[in-house]
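Have a look at the picture first.

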Number of protein chains: 2
Amino acid sequence: MSRGQETKQRLLDSAQHLMYSRSYSDVGVQEICKDAKVQKGSFYHFFPSKSALTVEVLEQLKMQMIESILLPAFAKDLTPAKRFERFIDYAYQYQVQLKEQYGYVLGCPMGNIALEMSTQDETIRKKVEMLFESIFLVFIDVLEDAQDAGELDSDTDINELAQAALAYGEGVLMLAKTRNDPQLIKLLLPRVAHLIGLKAR
Amino acid sequence: MSRGQETKQRLLDSAQHLMYSRSYSDVGVQEICKDAKVQKGSFYHFFPSKSALTVEVLEQLKMQMIESILLPAFAKDLTPAKRFERFIDYAYQYQVQLKEQYGYVLGCPMGNIALEMSTQDETIRKKVEMLFESIFLVFIDVLEDAQDAGELDSDTDINELAQAALAYGEGVLMLAKTRNDPQLIKLLLPRVAHLIGLKAR
DNA sequence: GGTTGACTTTACCGAACGGTCAATTATTAT
DNA sequence: ATAATAATTGACCGTTCGGTAAAGTCAACC
């Protein structure tokens, strides 16, 4: 990685961590630069605006989430139901770690930005919309497997189910963040099985 | 209402509408004052800080929501299942109206603030936590009715169910806001019946 | 070895931020 | 009528905001 790319990466990493632990608006370009040990002029050499930086942060977030959580959790070595359980465990462990680290359950980094920015920055809203799409695809994949395995009725609308599951996951993370209590994830998320009608077999 | 109380009310109303349609951070004290036609000095006569104003806005929000949506939707003139259907209809209609008015689905005003402010302002986080509690109570009430009517198994944990339902509702609203599409509410929310295991009778 | 272009540094912009304050005007109670 | 209190006004504070401009540094390529 060239010198310039390293600088850009430091900016992305600083922005990601600062915005996730606080919010888009509360973190200024100045603070991101200071954290990344980069001058403001350099920031605007790499990014035309704070908004553009954020879109790239979101892309990076998506890749990291897919690689480090979604793919391992939904690997096809287990039954669909067990994969969901593993995913819930991942999510729980992660929020526990965040709470130890920051003192707060931070919830979903995409959901946070979505609710804060959707009415104010159309390119950010569109980007989050696409990220959610990527998660759908993963969910749909598991649900198809579940259907093939007979754990799901063959006439159910997989696409709708995937959206419902995502919504429920985001909602549970919101509640956990509001209560600042990761236990809620363990308590509530398993119920996703009822939501999508997974049959125990 | 005395002259002072009218001024205070105008500040609360302006703040509520501005923050809901944008965000806490994006709306400044200055703009709230301008919208309410009040001088800045008066603002700080009535509220010690922007944060304190927001807590009162949240309280007002709760009262309005209970009075104009929760109580009418969950009135005991219908079966529990039908009440949920009516509630979904209310939520859908409301977001449709918001989209016509502002061009955007605004989602849940409490959820929005919760995700934006929970890690930054403890008194706001606590306040939203309490608002969610109030909604639980309403849900628990319906669920008890459902249990009495035999539409719910008698050994199910009502409290947990109420939380799951709230989480799902918030999640669906988040998705609807991110997609800027109120239809999602109509598509996804009815599935709350599966989530809480309501038997059709 | 000189040129090019990517990268960095520093100083700067006007505007807005949340909040303070003292002086002034209305209102109310005595 | 007057004293006390409630409400309003408008100027002001230091700081930060997102973004700009221009000069300077450095490595790579010809």
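With 201 residues, a compact globule would have a radius of gyration near 17 Å, and chain A agrees with that at 18 Å; the radius is taken over C-alpha atoms, and the globule rule is 2.2 Å times the number of residues to the power 0.38. Along its principal axes, the C-alpha trace of chain A spans about 60 × 35 × 30 Å.

Before going on, bear in mind that this is a predicted model, where local features need pLDDT of at least 70, side-chain atom pairs count only at pLDDT 80 or more, and totals for chains, interfaces and linings use all residues. Residues are numbered from 1 along each chain as its sequence is written, chains are lettered from A and ligands numbered from 1 in the order in which they are written, and side-chain values use heavy atoms, leaving out hydrogens and water.

What is chain A built from? It has 10 helices and zero strands (DSSP runs numbered from the N terminus: H or I of at least four residues for helices, E of at least two for strands). Of its 201 residues, 56% are buried, meaning under 20% relative accessible area with a 1.4 Å probe, protein chains only.

Now find helix α6 of chain A, residues 109-117: nine of its nine residues are buried, so it is largely enclosed by the rest of the structure. Among them are Pro109(A), Ile113(A) and Met117(A).

Finally, bring in the partner. Chain B can be laid on chain A with an RMSD of 0.0 Å by a turn of 180° and a shift of 0.0 Å along the axis, superposing by least squares on C-alpha atoms of residues with pLDDT of at least 70 in both. The two copies are therefore related as by a two-fold rotation axis.

Note on methods. Buried < 20%, exposed > 50% of the residue type's maximum accessible area, 1.4 Å probe, protein only.
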